[in-house]
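Please keep the structure in view while reading.

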Amino acid sequence: MSGMKAAAAVTSSSSRLFTVGLVTSWYSSNIGVLLLNKYLLSNYGFRYPIFLTMCHMTACSLLSYIAIAWLKMVPMQTIRSRRQFFKISALSLIFCASVVSGNISLRYLPVSFNQAIGATTPFFTAVFAYLMTLKREAWLTYITLIPVVTGVVIASGGEPSFHLFGFIVCVGATAARALKSVVQGILLSSEGEKLNSMNLLLYMAPIAVVLLLPATLYMEPNVVGITLALARNDIRIIWYLLFNSALAYFVNLTNFLVTKHTSALTLQVLGNAKGALAVVVSILIFRNPVSVAGMLGYTLTVFGVVLYSEAKKRSK
């Protein structure tokens, strides 16, 4: 009997260690890709956000295929109809808009302010859910969105590095992220069309590359030639791009695994803490000036997000 208890204790502790390792990987890849994007687009001077996003999507296409077709991490789900393919293409277009806008905003805004705006995703999700599905939340849920938005208004007023274009693009990226989650719920709601996030990425990423290629050629002409010229002077740019692109895939992979191995509530709490940690780490690395109003605004937004998730949980 004591042997069985000891075996159960070992299994429990190894399972806990596995979860801690997963969360650490999720945090590291998320914060790592965010900081490296900021460094490349702002500090290093690699001003090509669309090409950078295309590199990310190319890596996601290749690594998704390896993970699913070769390593069998999850069973491969097939696209069953042309209608389903068009739905995934629409999602991919919104996904591209979100990621490209987010990367563009990092050229103009510090990571700390970028994260504060990103924390308002629940507000946009509630707006789009109401507009597109007429789904009403409990009145208490809507009240919790007031501090979410108020916090960003305060943070904007107190942001020493405020840039109007960067702010607009970042709000657009946040709205697109919320729109994708709502549209995904509508388009892929039937049992026959549901895809897990790994399979969805497997199909969305190549479509994203196809969409981003003409945009890159038109808006960032000769970017490959410029990158190769940069590499002749500093080979690290190639390693930065390769590592950054691989990290972008691991963000999705670890997100999928953390979702699978923890509860929805744990994920929500971890997500809020991750944003706060990204803010602290970015301020320590980039030493961007922060104001008391900016920090208070961000804290209020995160507090609002916590209240929102609690209100949603209770209304179910």
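## Cysteines and an enclosed cavity

Cys55 counts as buried, because its relative accessibility is 16% and the cut-off for a buried residue is under 20% relative accessible area. The model in which this value was computed is a predicted one. Cys96 is likewise counted as buried, since its relative accessible area is 5%.

How many disulfides does the model contain? The count comes to zero disulfides. Cys55 takes part in none, and the nearest cysteine sulfur, which belongs to Cys60, is 11 Å away. For Cys96, the closest cysteine sulfur is that of Cys60, at a distance of 11 Å, which is too far for a bond, given that the two sulfur atoms of a disulfide must lie within 2.5 Å. In general terms, a disulfide is a covalent bond that joins the sulfur atoms of two cysteines.

| Cys55 | 16% | Cys60, 11 Å |

The model has one cavity of 30 Å³ or more, and the volume of the largest cavity is about 70 Å³. Which helices each supply at least two residues of its lining? They are α4 (111-118) and α12 (292-315). Among the residues that line the largest cavity are Ser112, Phe113, Ala116, Glu159, Met295 and Tyr298, and the lining as a whole divides into seven nonpolar residues, four polar ones and one charged residue.

Notes. Residues are numbered from 1 along each chain as its sequence is written. This is a predicted model: local features need pLDDT of at least 70, side-chain atom pairs count only at pLDDT 80 or more; totals for chains, interfaces and linings use all residues. Side-chain values use heavy atoms; hydrogens and water are left out. Buried means under 20% relative accessible area, exposed over 50%, partly exposed in between (1.4 Å probe, protein chains only). On a 1 Å grid over the protein atoms alone, a cavity is a set of points where a 1.4 Å probe fits but cannot get out, and a pocket is an open set with protein on both sides within 12 Å along at least five of seven lines; lining residues have an atom within 4 Å of a point. Grid points are joined across faces, edges and corners, and a volume is the space filled by probe spheres set on the points. Helices (H or I, at least four residues) and strands (E, at least two) are DSSP runs, numbered from the N terminus. Ala, Val, Leu, Ile, Met, Phe, Trp, Tyr, Cys and Pro count as nonpolar, Asp, Glu, Lys and Arg as charged, and the others, Gly among them, as polar.
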